[in-house]
Amino acid sequence: MFPVIDTSAFDLDRARRARRRAVAVCAVSLALWASGVSAQPADLAQGKRLFESQCGSCHGPLGNGGKGANLAQPRLRRASDDEALFNIIRRGIRGTEMPGSPLTPSQVSSIAAYVRTLGRVAPENIPGDRTQGQGVYASLDCARCHTVGGRGGVVGPDLGDIGARRSAAHLREALTDPAASVPDGFLQLRVVARDGRVFSGIRVNEDGFSVQFRDLQGRLHSFWKHELDVLDQQWQRSPMPSYAGRLTADETDDLVAYLVSLKGITDQ
Amino acid sequence: MTTSSPPFRLPAMLAVLVSVLVAVPGRAPGQVPYERILDAASEPEHWLTYSGTYGAQRYSTLDQIDRDNVGELQPAWIYQARSLQKFEVSPLVVDGVMYITEAPSDATALDLRTGRPIWSYRRSLPQGIVTCCGQVNRGVALLDDQVFLGTVDAHLVALDARTGRVRWDVEVADYELGYSVTVAPLALKDKIIVGISGGEYGIRGFLDAYDPLTGERLWRFWTVPGPGEAGHDTWSGDSWQRGGAPTWVTGAYDPELDLLYWGTGNPGPDFIGEVREGDNLYSESLLALDPDTGELKWHFQFIPHDIHDYDSTQVPVLLDAEFEGQPRQLVVFPNRNGFYYVLDRATGEFLVGKAFAKQTWALGLDENGRPIENPDTIPTGEGALVYPDDDGAANWYSPTYSPQTNLIYQNVREKGGVYYLADATYEPGKIYMGASRRVVSGEDPQGFLRALDPLSGDLVWEIAVRAPPWAGLMSTAGGLVFSGTMEGDFFAADAQTGDVLWRFQTGGAVYANPITYLSEGRQFVAIAAGNSLVTFALPD
């Protein structure tokens, strides 16, 4: 529930290292290919079938998590490269419920290839201009609530890698109808304390006895529930205003183009 | 003999009261400017830097929990880390939030009232990381609105203190060559000081300073001098290139002298001296550096040409005292090699060296503090017995000095080892030590919490615990010293007498330093044990 920050975004050096290690990965790929194992697109169908039967009970039919981790992400914390992903499926993760697998290397390879597709956003035709969009982002003061490259407000979701996680169509909808697409776990609260103070904010964490939230100025609050008169959970609500009618079509295109360009690794 | 301690000023007390009253529950996002860390002693309700203050006494002026009521101390909340690796964190506390690290290289912010997580930064790590002694981390540094974390893949990461989001992430060194970062960085002025681990892998050690805003490296002090640098001639041949001397424990700072103090570890290979003839500067030394430039102002080498892997990477403790009739600015250092040292911290002059634990590697120290080596303990093919073993009489865990009792406290390990020479052919990223070790047959290693006279190193009292401990210490104005054991006990002793007044079985070995702070005006004590971070308070 509370924010868990996945890593590797903003890590240029790691990207460089990954390139350096490409030689090693190539060697592994070559070895797999030599043994009749390769991750050709034709294997994706097999990978999908195996994923659903072998992995889906924990990771969900779409791979977006359940008892197991959400794999529908552009970057996987424990599998920063294909070699690591292959090894995790093969051997499991010690100290967790993720078991090793008796599948053949070929089958593991096809699952890995399929898992890699889960977090990818399909390429789209983006009509807008990224640089113009950055200007729109600034003029709307989006940074009051959102962060890019670690800078900005913390009430709204971080947008530093939003382009790697969300499609242009999704972002366009989020601009015009923010409440229609609030992120998983994002919850607006209205809180009235016993002492009469009233807060609006976004939940950071909650258990049966306490709740932590940020008010709309970004200040953190922690209350025991017995200290509250009202704890109103406003699911599918968002403090973000709709920009429908407030932006021209070009401005919307430009802003979407800017957001789609935010991939974490390259945008600092 | 007198000692001085920071005066507890009335304005500071009022500031504490005011901040307590206004800070909870709706508080502004944490802002920790350098000036606040510099004056950390005036806000004991927080724990702003690794050792509590730059002077590294690990002493708190909080006194709600005292000798009379400590027996009522009870757990308040527990946070369980996800990793089963050793949990070596020293937490930091500011403005209603506790910042911890979890092995291997994760950071978490906890709500101080409830122990509930606010955010976690979970680092993706490449495969193939090598660390000699566990993929661990000892804590973060705070500066302004950022949290700084070193990682076992040898990076330094700046996080947004509000969210844990990455601000920047830079490579300190190449982990594939055996470099890693486990140390808690030190925020100092407008710099983040970070040391390096890897002394068992033939690294060349250094201490670095980084720009907190950009991650740009501002200076590097090589602890093994290169060609043309002073001290380079203390290494034979090209041995300096693999000379070790890592810097993996957080140092101390004296703002008046403007000197940064930092210990250095073993030369490499750890146990074979022939391939690196000479004193091997600046391994096994205490360094005094200009924090603005990284320039070396003085050094004191505890063990020239060490061949027992006695890393002199302990926390230097700064205190002022009258020594032989003269007021002196001192740095004291209970060394892993079993000797307690007192140096003049302005000049590095050696004043006192006295064994505080069983040791056989030295026949004594000469008038300059240079050890007289015992040849019988040099590792051989047939095996040589030495005390202490390479885990040391002390280690990375912190000592504490109480101005109230004028005693220095140290957890002590008494355990020997038999060392057999082994091959040490350098291969990048591979173990480069040169010996194997076996335990001493029939010996039951012993652990002690010892209170020493700070100016002589004389033993004042001791508490025997069972196994040699890995817990750090903290003393308080409540007349208490807190410690932990390998058997899972966390306990408080009367700092004057050594009487154990309270204990709690945590269920996991303690590999961490305790801290104390106020939450909503109540004093808490926190310790990591097993995979749990446990906080304690008196009944509400």
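A: Among contacts in chain A between residues at least 6 apart in sequence, 63% join residues at least 24 apart; two residues are in contact if their C-beta atoms, placed from the backbone, lie within 7 Å. This is a predicted model, in which local features need pLDDT of at least 70 and side-chain atom pairs count only at pLDDT 80 or more, while totals for chains, interfaces and linings use all residues. Residues are numbered from 1 along each chain as its sequence is written, and chains are lettered from A and ligands numbered from 1 in the order in which they are written.

Chain A has eight helices and eight strands; these are DSSP runs numbered from the N terminus, helices being H or I of at least four residues and strands E of at least two. Of its 268 residues, 32% count as buried, where buried means 20 or more other C-beta atoms within 10 Å of a residue's own, exposed 12 or fewer, and partly exposed in between, with C-beta atoms placed from the backbone. Chain A is divided into domain 1 (12-118), domain 2 (130-182 + 240-260) and domain 3 (188-234), with bounds from an automatic or database domain assignment. The centres of domain 2 and domain 3 of chain A, taken over C-alpha atoms, are separated by 27 Å.

The part for a close look is strand β31 (residues 446-452) of chain B. Six of its seven residues are buried, so β31(B) is largely enclosed by the rest of the structure. On one hand, β31(B) is joined to β28(B) by seven bridges, and the two run antiparallel; strands count as paired if DSSP finds at least two bridges between them. Within this pair, Gly447(B) in β31(B) is the bridge partner of Arg413(B). β31(B) also pairs with strand β32 (residues 459-465) of chain B, in the antiparallel sense and over six bridges. Here Phe448(B) stands opposite Ala464(B) in β32(B). The hairpin of β31(B) and β32(B) has six residues between the strands, and Gly457(B) takes a positive phi near 80° there.

Asn406(B) has its place in the loop between β27 (400-402) and β28 of chain B. Asn406(B) is partly exposed, with 18 other C-beta atoms within 10 Å. Its C-alpha atom is separated by 26 Å from that of Asp489(B), a residue 83 places away along the chain.

Chain B has other antiparallel pairings too. Three strands form an open sheet in the order β26-β29-β30 (chain B), with antiparallel pairing. β26 (384-386) and β30 (435-439) of chain B stand at the edges with a single partner strand each, so one side of each is left without a neighbour in the sheet. The twist averages 35° from one strand to the next, using axes that are lines fitted to C-alpha atoms, for helices over the stretch in contact, and angles from 0 to 180 degrees between N-to-C directions. β26(B) pairs with strand β29 (residues 417-421) of chain B over three bridges, in the antiparallel sense, and Val386(B) has Gly417(B) as its bridge partner in β29(B).
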